[in-house]
Each structure stands twice: as structure tokens, then as C-alpha cells.
Amino acid sequence: MLIKFKISKIKQLFYNFEYIKDMKNKTINIFVGLFLVLLSSQIFAKEPGDKIDDFTIVNFDNKTYTLSEVKDSKAIVIIFWSAECPFVQGFNDRINDIVKPYIEKGVTFWGINSNQTETVNQVMEHYKNNNYIFPMLKDEGSKVADIFEATRTPEVFILDNGRTILYHGRLEDNSRKEKVTTHDMTDALDEILAGKEVTSKTTKSFGCTIKRNEKN
Amino acid sequence: MSGLYLNAQTVIPLKTGSDIDKIKNDAAGNIYIINLWATWCKPCVEEFPGLVQLYRDYEQKGVKLFFISVDEPSELEKSIIPFLKNQNVDFVTYFNSFDKMDDFINYIDMKWDGSIPMTYIYDKSGILYKGFLGSRSYEFFKNELDNLLISSKAGN
């Protein structure tokens, strides 16, 4: 637990250190270089090909969710979510429509709320008000966000049954339905369900930073 | 130049990488800050006044500040300009108008994933000094700028 916590802090630190350049002090550069090599595996969000550590959440719906216990699923989709982020709220009206056909095809969807600024009650209310057809898990202490090294909402990870990432990125290229031109998450799922390799494994998106315990 | 932005906010669209290059080229020889924000982003809105104040306090020392909004371009009149007016911004700012979000994000920084607020400080040589993901206080940025100004003097 402590280690995870530290990794998140180190990541933040690293992001700052990483750009120190031309300090006119070679010793510092060497130090930064070493720092980079030592920590390179921990720095960025987990990416396609990486295996995700198992986790368990005892949720507000009185159910226990353990990643490794999801069996016989064609794929597992983890979406980091927020009850507040306006960029996420843009998806509220259509997220059920987006995921429904894939749930019917045997894909598992879990929403994860890792924002320490959003209370369990708030997340529960928001979940009920939006009638999501997939579970929303409250990630106390942002532990799951740390496992994925997730940074923003919305942020999607698609995993196979062995907890290996097949896709990491956005849901669609705009939170406003009328502006959407690419359906990146479902495109990846279509390929996975067809037994094909995902063409576009990583995409980027604007979004809100995940609020961990330290103020950011 | 003219009194164009005495009463109205000038917000310039960034459509291609060369538009971003132009900002950086115009700032050559100065320390400059690039802040990526949006009116929908609460922490961005919270840190915004601190950055404006920072610019007021450090403009004389040659520090430049470039706000780049990542709001939808269609929000320009409805959200971006009213917000800037409310913040008494009387200098030129920018907004993302790239066709593809990925292209904009990667052109700003390959390592940036698109989450905001994101702030970069560049040194006088135009080299990226530090990048900060998440909001920071006026005092935090002041401290960073002071350190950079001291090291720039020591180096020159």
C-alpha cells in the first residue's frame, strides 16, 4: 500500500524532474538520468501489453469486485469516471447505449471513481441518477488508479482475461455526441471480439485530472 | 499594436503545429509559461487568477504567459471570452482549433496525456524547464520562476 502511494508521489516528482535540462551541472544530469533509468517502468500509465495487478473493491452496492475473479468475459473494460468532471458528464446520456451491445456480447464494464474529492454518497447518488447499467466502483485512496497509473477522467483500459491491456485511451474523440468522429473504445472492442489485433491501441483525450490525496 | 484588445479579448485559434511554433518563436529570449486549461475544468478555473497575477508581477522581468484553452472552439463566444473578461485578461490568449485532439496534445508534448490543467515553464533558450500536471498555487509558480530567473542569471 505504502509503496503504491510512494510511486504516485514519485511519478508526480518525476514529471517535474524530467524536464530539468541544461542545469549547467552535469552531476545533476547524471542523477536525473539514473533516476530515469531506475524508475522508467513506473513512470507512465500502464500501456497495451502490460499486465495489471489484481485488485479487490468492497463497494457501496455491498458487492465485492475482484478483477481476477471476472471469468468467461470476452474483455474487461475499466473506465475511470467522475461524478463532477464536465467532460465525463457529456457522456451520461449515451454511455448506456454505447456499452449495452457489448455487455450483451459478453464484455464486462466497470466504472471506477478514484477522485478523493468525491464522496461515496456523491458517487452513489450520481450512479443512481444516471441509471448506469454497469457497476460504478468507489476506489478509496485511489489505489486502483495507482495500479493503472491512470491520470484522468474519462480514461479507458480494455483488458483480456489475463489482465493484459489491449487498449488504453479515450471513449470517443469528443464528449459531445454531435461532435464525435471516432468511436475509439468500441472500435477496439469490435476488433477484439472479432479475434483481431487492435489497430489503434493508444489514443489521447482531454479530461480532468484524477484527484488523489495530495492536492492537484 | 492597436487598441484592439483594450475592451475585447483577443483569442487566437491554434490550427496547426506551426501556429504553436509561432507562439514559441515570438517568445524567444524570454522565459515563458504555457498553461492548458478549459472553462469546464474546475481546478483550471481555480488556478487561473493566480497565473494572471503571476504574469502581472513578472511581465516586467521578461516572463511571458500563454493561456491555451482546450474548450470546444464553438464555446469561444459563449464561454471562453466571457470567462477571460471576468478575469480581466487584457492580453492575447489562444484556443485549440486542431482538427484532431491527438495531434494537438502530441504537438504540445508527446508525454502529455491531455488531462488538464497542465502547465509548462520554458527557459530563455526555449528549452522546456518543467511541466506540472494539476493545479498549482501562485506561490508555487512564483518559487519556480524565481529559481529559474536566478539560475538564468548565474548561467549568463
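1. In this predicted model, a polar atom of the A:Arg94 side chain lies 3.0 Å from the backbone oxygen of A:Gly90. A:Arg94 itself is placed in the loop between α3 and α4 (95–104) of chain A, where helices (H or I, at least four residues) and strands (E, at least two) are DSSP runs numbered from the N terminus.

2. A:Arg94 is buried, with a relative accessible area of 6%; buried means under 20% relative accessible area, exposed over 50% and partly exposed in between, with a 1.4 Å probe and protein chains only. Leaving aside residues up to four places away in sequence, A:Arg94 touches A:Glu172, A:Asn174, A:Ser175, A:Arg176, A:Lys177 and A:Val180, contact being heavy atoms within 4.5 Å.

3. Taking a disulfide as a pair of cysteine sulfur atoms within 2.5 Å, the count over all chains is 2. One of them joins A:Cys85 and A:Cys208, with sulfur atoms 2.0 Å apart. This pair links distant parts of the chain, 123 residues apart, with A:Cys85 in the loop between β3 (75–80) and α3 (86–89) of chain A and A:Cys208 in strand β9 (residues 207–209) of chain A. The torsion about the S-S bond of A:Cys85 and A:Cys208 is about 75 degrees, so this disulfide is right-handed, and both cysteines are buried.

4. In chain B, B:Cys41 is joined to B:Cys44 by a disulfide with an S to S distance of 2.1 Å, and this link is right-handed, with 75 degrees about the S-S bond. B:Cys41 counts as buried at 1% relative accessibility, and B:Cys44 is likewise buried, with a relative accessible area of 1%.

5. On conventions, residues are numbered from 1 along each chain as its sequence is written, while chains are lettered from A and ligands numbered from 1 in the order in which they are written. Local features need pLDDT of at least 70 and side-chain atom pairs count only at pLDDT 80 or more, whereas totals for chains, interfaces and linings use all residues, and side-chain values use heavy atoms, with hydrogens and water left out.

How values were computed
Polar contact = N/O pair within 3.5 Å; in protein donor to acceptor, adjacent residues only side chain to side chain.
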